[in-house]
Amino acid sequence: MTTAPTTTAPAPAATRVVPVQTRSERPRSTDPADFATPTGREVDWKLSPVERLAPLFEDAPGDGSARWTIDAPEPVRVGTLAAGQSPRGSVFEPEDRPSAIAFARTAQAHHVLLPEAAALERPIVVSVEGGGAESRETAHLVLEAAAGSVGTVVLRHEGSTRLAENVEIVVGAGAALTVIAVQQWADDALHASAHQARLAEGASLRHVVVTFGGGVVRVNPSVDLAGARSEAEMYGVSYADAGQHFESQVYVFHHGPETRADVLYKGALQGVGARSVWIGDVLIGPEATGTDSYEANRNLVLTDGARADSIPNLEIETGDIAGAGHASATGRFDDEQLFYLQARGVPEAEAKRLVVLGFLAEIAQRIPVESLQEELIAAIEAELAKEVV
Amino acid sequence: MSTATPSQLVIRDLRVSIDTEQGSKPILKGVDLTLTSGEIHAVMGPNGSGKSTLAYTIAGHPRYRVDGGSIELDGQDVLAMSVDERARAGLFLAMQYPVEIPGVTVSNFLRTAKTAIDGEAPAIRGWTSGVREAMEKLRMDPSFAARNVNEGFSGGEKKRHEILQLELLKPRFAVLDETDSGLDVDALRIVSEGVNRAHQETGLGILLITHYTRILRYIQPDFVHVFVDGTVAEEGGPELAERLEDEGYDRYLAARA
């Protein structure tokens, strides 16, 4: 069930063929009418359950039933931004229909600003509680880390709704921002989310997508490493069970010189119809000399009837890079790991639980905030406790 | 602490095969061996003679199919037990190639194993200091506890970690599968001291599997068994190991040819 990785590397000019569509050439527009309703044949929808997602393709505003709370420590400033009010739209340009609908139909965007040189003592927590499976919601969130600021934003999604959401992330020079988006929806929630980030010189972004609950959850993060020496760590962890479809299309654009990116998404799947889709695109642009980039996706398929699709793509437009690589692996339990644990007295069921926990905990280990790391491991443990492997 | 009533691990006429692309291949062709607690047995032999197959069959690795014979631990049928039941019954295998387990820290792993073996969680305070002391004696840096099991460990670190488990889990019988392979002189001495410590403290029985006589300078065997082509070709006391040191396995192989 391993999907062969595909690579796009520059071919000699004479034989170069124009690709069907590279990630950087995806159309962008703020007008929903510019995006036809997806049929499932489009490159960015071909692995998505478009019929289940149909409610998110209706060009209509939300009903306002979702509850938003933003808990931010000093000196963070929290406010709203009308359409066209800077910095809303300075970085974000929708790339698909739900995102364009969210962009056009959200009157007031939430704005969270870390002022210049602010160093937060605790994370900012943005919580969304859905208004019910029949409700609908659009949202636009602007997370702005001004120059030299350091902080963490946790974005939690719970309950049920049908949410089209945009997250616009602006990271100023030398700022270090961590964004953790947690999807713990009820089983009937639909969620299409596009995160777009731009990093200035010397800025860093650690971006983590945690998806444990929801019916169809599609979180597509993209990052523009515009400033020299900017760097991104893009991580994801998910656990899909019967009937759940969890998807992430990750895009890293090495735009400026000496930029670095590390992408790692890990997913466990179990039960009939459990499905995960990961498409990872890395583009190293012509000015991105001295770039170092790595992307990987690993999936653990725990039972029959579950399916993981994994497609890494790497496009390099400069000859002068420090390193670039990608990896993709989808497998079942490693029998040797189970044997090792069982040979130490651990019963099979617990050995399996420990192997899955360890597999997913690798992402938690990369989150530097200890309290968040513990919370994520506890969430993984709770998810495992619910499931019978 | 030496056990009042000695335990026995009795292997009789053990025949084992593995599945290969060319079909089923017999590896062990009738092995008899009896270990009593407190004893150290060395199993020696050339590559491919079935030494590791014996180790993995005792531990219950699913790759090895038992075609006949028996393994009994104090009268209990070991072959009827699952892998984890064997470990809880007191059998331990120090592996030649310990497996990496990403995301599971050594400290979590050791506590989980100890809890499984003992049937209850160890008292936190005594356990933590016990682990630290055992690590110190094996010259393992305290930072080891926070690393993921065997991930990025050097060959020597993996073997120390195996012996650390031997010392902490306190089995009745331990099979050491080529624990000496890939160790430099210092590491070999440190690891051997760990084995001897466990032997003195708990009086366990040891089946020491090795290709070379080198480790027997540090761990003195009571008995030596020479494996050739899936059977025990010769048995004796420690003097047999000395003879192998001088002569190698050639005379057994020549006798077969």
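This is a predicted model: local features need pLDDT of at least 70, side-chain atom pairs count only at pLDDT 80 or more; totals for chains, interfaces and linings use all residues.
Mentor: Local features here need pLDDT of at least 70 and side-chain atom pairs count only at pLDDT 80 or more, while totals for chains, interfaces and linings use all residues. Residues are numbered from 1 along each chain as its sequence is written, chains are lettered from A and ligands numbered from 1 in the order in which they are written, and side-chain values use heavy atoms, with hydrogens and water left out.

Trainee: What places Val356(A) in a helix?

Mentor: Helices are DSSP runs of H or I with at least four residues, strands are runs of E with at least two, and both are numbered from the N terminus. Val356(A) belongs to helix H4 of chain A, residues 348-364.

Trainee: Which residues does Val356(A) contact beyond its neighbours within four places in sequence?

Mentor: Contact means heavy atoms within 4.5 Å. With those neighbours set aside, Val356(A) touches Tyr239(A), Ala268(A), Leu300(A), Leu302(A), Phe333(A) and Leu384(A). Leu302(A) is 54 residues away along the chain, and its C-alpha atom is 8.9 Å from that of Val356(A).

Trainee: What makes a nonpolar core?

Mentor: The term covers a set of buried Ala, Val, Leu, Ile, Met, Phe, Trp, Tyr and Cys residues joined through side-chain atoms within 4.5 Å. The largest one has 120 residues, and Val356(A), Leu54(B), Leu166(B) and Leu176(B) have the most contacts inside it. H4(A) gives the largest share of this core, nine residues. Another core of 54 residues lies apart from it, with Ala139(A), Ala175(A), Val217(A) and Ala261(A) among its members. In soluble globular proteins, nonpolar side chains tend to be buried together.

Trainee: Now the interface. How many residues does each chain bring to the contact, and what is the area buried between chain A and chain B?

Mentor: Chain A brings 19 residues and chain B brings 34 residues. Buried area is the accessible area (1.4 Å probe) that two parts lose on being put together, summed over both. For chain A and chain B this area is about 2000 Å², with 66% given by carbon and sulfur atoms. On the chain A side, Phe339(A), Tyr340(A) and Arg344(A) lose the most area to chain B, together 40% of what that side buries.

Trainee: Which parts of chain B are tied together by Arg172(B) and Asp74(B)?

Mentor: Their closest N and O atoms are 2.7 Å apart, and they form a salt bridge. Arg172(B) sits in the loop between H5 and strand S9 (173-177) and Asp74(B) in the loop between strand S4 (64-73) and strand S5 (76-77), so the pair ties together parts 98 residues apart in sequence. Arg172(B) is partly exposed because its relative accessibility is 30%, and Asp74(B) is partly exposed at 40%.

Trainee: Is Lys114(B) buried or partly exposed?

Mentor: Lys114(B) counts as buried, because its relative accessibility is 10%. Its salt-bridge partner Asp118(B), with 3.4 Å between the closest N and O atoms, is partly exposed at 41%. Both lie in helix H3 of chain B (residues 106-118), four residues apart, about one turn of the helix.

Conventions. Buried means under 20% relative accessible area, exposed over 50%, partly exposed in between (1.4 Å probe, protein chains only). A salt bridge is a side-chain nitrogen of Lys or Arg within 4 Å of a carboxyl oxygen of Asp or Glu.
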